[in-house]
Amino acid sequence: MAEERRPRKRKPRPRREGSAAAVVIAAMILCMTIVVFAVWISGVAIQPEAVPTGGMAAGQALARAPAQSGGTSGRVPAAEGFQQLSDPLLVLVNDQIPIPEDWQVTPAFINDETVDNRMYEDMSAMFQAGEQEGVSFWVCSGYRSQELQESILEREIAAHMQDDGMTEEEARELSLRTINRPGYSEHHTGLAIDLNDVSDDFEQTDTYRWLQAHAAEYGFVQRYRSDKVEYTGIDNESWHYRYVGREHAQEMQRLDMCLEEYVQYLKDQGVQ
């Protein structure tokens, strides 16, 4: 009979089942909380760094720019729908991107040539510094109107046809390697200058070597280099220098970028 009473000890079982259910529910809630927290943490971790799309000064982008090693294979601006940067010193003009229709030059004069006044002070300082170190400069060509550019191009084409026996098509193709079409020349900006002899021999002079060492300090860069033809579309021109301002010139030199690369670089940084 004593053994028959043992089942009565099972009466508390409903309470144990209720406790177990409570433990299971609590565990499920805890697991769900952990999962939600983990998902939230992951979402924060993969968020990209926010880059403002407007109002960023170029200097802010420059401060965090990594130096390039051995050049760059970065993108260049697409001509279709291209928007110029707000900094006028970085106006981009090439065979695909014309001079902005509203572009204006404030003239300053150096001998018989005209340049934009925005570059005159730094240009004069550069010439003076060079002359103090025994090298000399003169501006062979500065600002050009579109009409003058047309005349220069046609004269070059005619010379190739007469002297080299080329067809007009051949002469034009060769001429456009060093002379931009009217409306597509940097000389229209007033921020570009051709120096001294305008010949390949200029690259062998002390003046050229001085410019390679010091031009960026005064805001100038050699616009067309042999190792940047794929970006500029223009053959090496050791005599052609472009004013972009001191900060930009030194940064372009540090990054080893031509103007096409540099403008796209700044656009990628959110600079407008």
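1. A quick term before we start: a polar contact is a pair of N or O atoms within 3.5 Å; within protein, one must be able to donate a hydrogen and the other to accept it, and residues adjacent in sequence count only if both atoms are side-chain atoms. One such spot is at the start of helix α3, where a side-chain oxygen of Asp 116 comes within 2.8 Å of the backbone nitrogen of Arg 118.

2. Some ground rules. Keep in mind that the model is predicted: local features need pLDDT of at least 70, side-chain atom pairs count only at pLDDT 80 or more, and totals for chains, interfaces and linings use all residues. Numbering runs from 1 along each chain as its sequence is written, and side-chain values use heavy atoms, with hydrogens and water left out.

3. The overall picture: the chain has nine helices and six strands (DSSP runs numbered from the N terminus, H or I of at least four residues for helices, E of at least two for strands). Of the 272 residues, 39% are buried, where buried means under 20% relative accessible area, exposed over 50%, and partly exposed in between, with a 1.4 Å probe and protein chains only. Take the contacts (heavy atoms within 4.5 Å) between residues at least 6 apart in sequence: 71% of them join residues at least 24 apart.

4. Now the sheet. Four strands form an open sheet in the order β3-β4-β6-β5, with antiparallel pairing; two strands pair if DSSP finds at least two bridges between them. The edges are β3 (139-141) and β5 (220-224), each with a single partner strand, so one side of each has no neighbour in the sheet. From one strand to the next, the twist averages 50 degrees (axes are lines fitted to C-alpha atoms, for helices over the stretch in contact, and angles run from 0 to 180 degrees between N-to-C directions).

5. Going pair by pair, β4 (residues 192-195) and β6 (residues 237-243) are antiparallel over three bridges, and Asp 194 has His 240 in β6 as its bridge partner. Helix α6 (residues 206-214) packs on the sheet, touching β4, β5 and β6, and its direction makes about 40 degrees with that of β6. Four bridges join β5 to β6, again antiparallel, with Val 221 partnered by Arg 242 in β6.

6. Have a look at Asp 194 in β4. With 5% relative accessibility, Asp 194 counts as buried. Its side chain makes a polar contact of 3.2 Å with that of Arg 144. The C-alpha atoms of Asp 194 and Val 139 are separated by 6.0 Å, though these residues are 55 apart along the chain. Leaving aside neighbours within four places in sequence, Asp 194 touches residues including Trp 138, Cys 140, His 187 and Trp 239.

7. Ser 185 is worth a stop too, in the loop between α5 (168-175) and β4. This serine is buried, at 2% relative accessible area, and its side chain reaches the backbone nitrogen of His 187 at 3.1 Å. Beyond neighbours within four places in sequence, Ser 185 is in contact with Val 93, Gln 149 and Asn 180.

8. Back to α3 (residues 117-132) to finish. Its buried residues include Met 119, Met 123, Met 126 and Phe 127. Just after α3, Gly 134 takes a positive phi of about 90 degrees.
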